[in-house]
Amino acid sequence: MANLVIVESPSKATTIKGYLGQGYKVVASWGHVRDLPKSSLGVDIENNFEARYINIRGKGDLIKELKKEAKNANKVFLATDPDREGEAISWHLSTALELDPAKTKRVTFNEITKSAIKTAIKAPRDIDMDLVNSQQARRILDRIVGYKISPILWKSIKSGLSAGRVQSVATRIIVEREEEIRAFIPEEYWTIDAFLLTDDKSGFKAKYYGIGGKKAELKNEADAMAVFNAVNGKPFIVESVKKAVRSKNPLPPFITSTMQQEASRKLGFQLQRIMKVAQELYEGVNIGSKNGGVQGLITYMRTDSLRISADAQAQAKNYILANYGENYYPKTPRIYKTKASAQDAHEAIRPSNAALTPDSIKKYLTPDQYKLYRLIWSRFIASQMESASFDTVNASIVSEGHEFRASGSTMRFPGYLAIYEELDADKDSRLPELTEGMSLTAKEIKPEQHYTEPPTRYTEASLIKFLEEMGIGRPSTFASIVTTIIQRNYVKREGKILKPTPLGEITNKLMMDSFADIIDYKFTANLEDRLDSIENGENTMLGVLSDFYATFEKELVDAERMLKEQKIEVPPEETDIICELCGAKMIVKNGRFGKFAACPNYPECKNTKRLGKDGKALEKTEKEEPKKAGFACEICGADMVIRSGRYGTFYACQNYPKCKNTKRIHKETGLNCPECGANIIIKNGKNNSFFYSCERYPDCKFSSWDMPTNKKCPECGKMLFFKKGKKNLLVCNDKLCDYRREIKEQDEDE
C-alpha cells in the first residue's frame, strides 16, 4: 500500500508528486473541507462556545474519495500550509475523513523543494492543537461579531450590510484620515533659496536655516522679505565645512507586509494580485528539465519572521562572492532580529534556490511571476551584502548674520545598491570644493511662499504599514482586510488611494457610537496578542472567548436599545461633475447597467451621465452608422448590418422596418469541436445565458455550458474545460478521467 499525502492545492500536489516517487500518492483537499454553517451562527455561546462544523457544500464527493484513499493507504501525511490555517485544515481533514490516529501524521515545510519535502516526511509530528485552537478562536470571534452586529446594521442603515472585527477597524482608519483632511487648515510659511557661485563660477543651492545656529521659521512674507533685504547684494562667507563618510545598511529580506508594500510601490500590483502570484511561485513553476522541472521558487509567503536558514545564507554568500567579489560581502553574515510579537515558525520570504537568478528562468515565468520573483530574489541577496557608503559634505554659509546650509553626497561604494534599487536611495548631489572663509557670490536669492499640506490618503501599501505598526491583523489577513472593505463598498479605490464612501462613514459612525471597543485600535491589537498566546500555550480558547464576550454582550444590548427603531439615511456619493442644465453637483446612482451620475434635483432635472471606471463622466457620442455585416439579406437583397439590442449584437436588414429580417450573431471561439473538429461557437440560451456548441449542430450534437479551452489534459490528452463556480476549475472532457485543477480568478486590473 502506498502512503497518502494530502495538501490543499492541486498545483502543490503536482509539484510534490514529482519529488516523492511511486511509494506516495499526493492528493488535494481543495482548501477547507469543513466550516461553520452560513445559514446560522454555528456557535453555541451558552455551551462554552462550542463550534458546530459541517462539511462544506459541494465537497461531499471529494470527502468520500479522500476517505477511500486514506483507508487504503499505509500512512497518511497531512501536509497543509505551515501556519494556523493549515493546521486547522489538517485537523478538519482528520475529523471529516475519520482518520486513524495511529497511521496519521502532520508534516510541514517552509519551501516546496525536493530536499525540504523529503526532510519533512522523515520528521512527522502530531497535529498541534494549540495552533488549531488559535485559528478556531479567531474564526469564532469573527463569526460572533459578524452575525451579531450585521442585523443591527440592516435595521439602522440598510439590508445586506455586514460587520467584521478587523475590517471595521480598517474602515475606521480610512474614515479618520478623511476627517483629518477635511478639518485641515493650511498654514502659510516661506523658504529662501540662495543660488551661490564660487570664484570659478561653480554653482550650488543653499537653503536658509536661521540665525546664530538656531533654526528660524519664516511664517509670512514680512519675515521672508526681512531676510531677503538683509542679504541681497551682500557677500556670502563659508563658515564651516564638515566632511564625513556615511554608511547605509541593506533592508532585511521580505516578510508578508513588506513584500506587499514594496510590490505595491514598485510594481503597481494590488494586494490580491501580489498574493496570487506569490502563491504560484511558492507552489511550483515548471522551469524546464535542465533546471529540475517543476520547482517551488520561494519560501512560504505568509510570514512575519526575519529568520534565514544557514543553507540560505551560504547560497547568498556563494552568489555574492562569485558575481561581485569579497568587498561586497560583510565580514560576518547579517542576522536580522524578528519582532517579539512575530510568529517565528517560518523563515523570511526568500528564493528557495538563490542560484536560480530571475533572468536565468525568465522565459518560464509569466510577466507577473518574473517581476515579483526578481523583487524577492534581489531583496534577499541585497540583505546579505555589504553596506553602501557615501562621502557627505555639509556646509554652513553666513551673510549678515543669517545662516544658509548646503549639503551634498557622492557614492563611495555601492555595496548592496549594486543589486537592489531603493526608491528613496540617496542620489549623487555634489558640491563644489568649499573651504572655510571662502567668499561666494549670490547669483539669485529666491523667497517662496508655501502652505502646509493635509495628510495624504492611505494607499494599500501605507494602510498595511499602519496596520502592522498598530499590531492589527496578521500576515495571512492583510490582503483579505483591504479586499473585504472595498467589496462591501465601505471604501473605494481612486487610482492608488483608498477613500471612504458615504456608506463607510455612516457605518463607521454607528460602530464608533455603539461598539467602541470592537473597533478600538489597542483592543484589537491586544486581542491579536491573546490569539497568539493560545498558539503559544499560554492561554486557552475558552478563556479568550469568554473575556471577549463579556464586554461584547453588554455593548450589543446597549446598541439594540439605543438604536431600536432608528433609521439612518446614507447620504448620496457626490462627484466632481457639474450638471450643465442646473449647475448642481451630480451624485452617483446605481442602475441596471451599473453606476451612473445623476442630477440631485431629480425629478425637476433629469440629467444623467455615464461613468467610466475612473468615476469620470463619459462623453456622449453621436449615433454612428451601423457596420455592414458583409452579406446580403436573403429576403430583400439589401445589406445586412450589425446592430445592438438588449440581448447583445445581432444582424439586421438595413431596410428595417420595411424588412424585419434578423439573425443571431454567434461568436467564434477559435477552438475546434472535440467530437468532429469543426468550429466551436457561442450561442445564446435562456435568461441571458450562453453556451458553447459545434457550428455543425444538429449534425454534430456537441454542446457544453462550460467553456472549452485550448489546453490538453495532462492525464489523457483530451480537451480541458473551464468550469466557473465558487472554485473555478479546469476539468477534463473525458468522463472517465477525473483530472481537475483549481484556477484562481485574476485581479480586476489584469
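1. Start with the helix pair. The axes of helix H14 (residues 502-514) and helix H16 (residues 541-563) come within 9 Å and cross at roughly 120°. Axes here are lines fitted to C-alpha atoms, for helices over the stretch in contact, with angles running from 0 to 180 degrees between N-to-C directions. That makes H14 and H16 oblique to each other; angles under 35 degrees count as roughly parallel, over 145 as roughly antiparallel, 65 to 115 as roughly perpendicular and the rest as oblique. On the H14 side, Leu510, Asp513 and Ser514 meet Glu555, Ala559, Met562 and Leu563 of H16, where contact means heavy atoms within 4.5 Å. By class, that gives four nonpolar, one polar and two charged residues. For the classes, Ala, Val, Leu, Ile, Met, Phe, Trp, Tyr, Cys and Pro count as nonpolar, Asp, Glu, Lys and Arg as charged, and the others, Gly among them, as polar.

2. A word on provenance. This is a predicted model, with local features needing pLDDT of at least 70 and side-chain atom pairs counting only at pLDDT 80 or more, while totals for chains, interfaces and linings use all residues. Residues are numbered from 1 along each chain as its sequence is written, and side-chain values use heavy atoms, with hydrogens and water left out. Helices (H or I, at least four residues) and strands (E, at least two) are DSSP runs, numbered from the N terminus.

3. Next, the strands around E9. Strand E9 (residues 188-197) pairs with strand E17 (residues 439-451) in the antiparallel sense over ten bridges; two strands pair if DSSP finds at least two bridges between them. In that pairing, Tyr189 sits opposite His450 in E17. E9 also pairs with strand E10 (residues 203-211), again antiparallel, over five bridges, and there Leu196 stands opposite Phe204. The E9-E10 hairpin has five residues between the strands, and Lys201 takes a positive phi near 70°.

4. Arg350 is worth a look. Arg350 lies in the loop between helix H10 (310-323) and helix H11 (367-383). Because its relative accessibility is 3%, Arg350 counts as buried; the cut-offs are under 20% relative accessible area for buried, over 50% for exposed and partly exposed in between (1.4 Å probe, protein chains only). Its side chain makes a polar contact with the side chain of Glu347 (2.7 Å). A polar contact is a pair of N or O atoms within 3.5 Å; within protein, one must be able to donate a hydrogen and the other to accept it, and residues adjacent in sequence count only if both atoms are side-chain atoms. Leaving out residues up to four places away in sequence, Arg350 touches residues including Glu111, Leu297, Ile376 and Phe380.

5. Glu433 is in the loop between strand E16 (402-413) and E17 and is exposed, with a relative accessible area of 56%. Its side chain makes a polar contact with the side chain of Lys243 (3.0 Å).

6. There is also an open sheet of four strands in the order E20-E21-E22-E23, with antiparallel pairing. Strand E20 (574-578) and strand E23 (608-610) stand at the edges, each with a single partner strand, so one side of each lacks a neighbour in the sheet. Strand E22 (residues 594-598) pairs with E23 over three bridges, and Phe596 stands opposite Arg610 in E23.

7. Last, helix H1 (residues 10-20). Its buried residues include Ala13, Ile16 and Leu20. Among the elements covering the buried residues of H1 are strand E1 (3-7), helix H4 (114-122) and helix H9 (271-283). Gly21 follows H1 and has a positive phi, near 85°.
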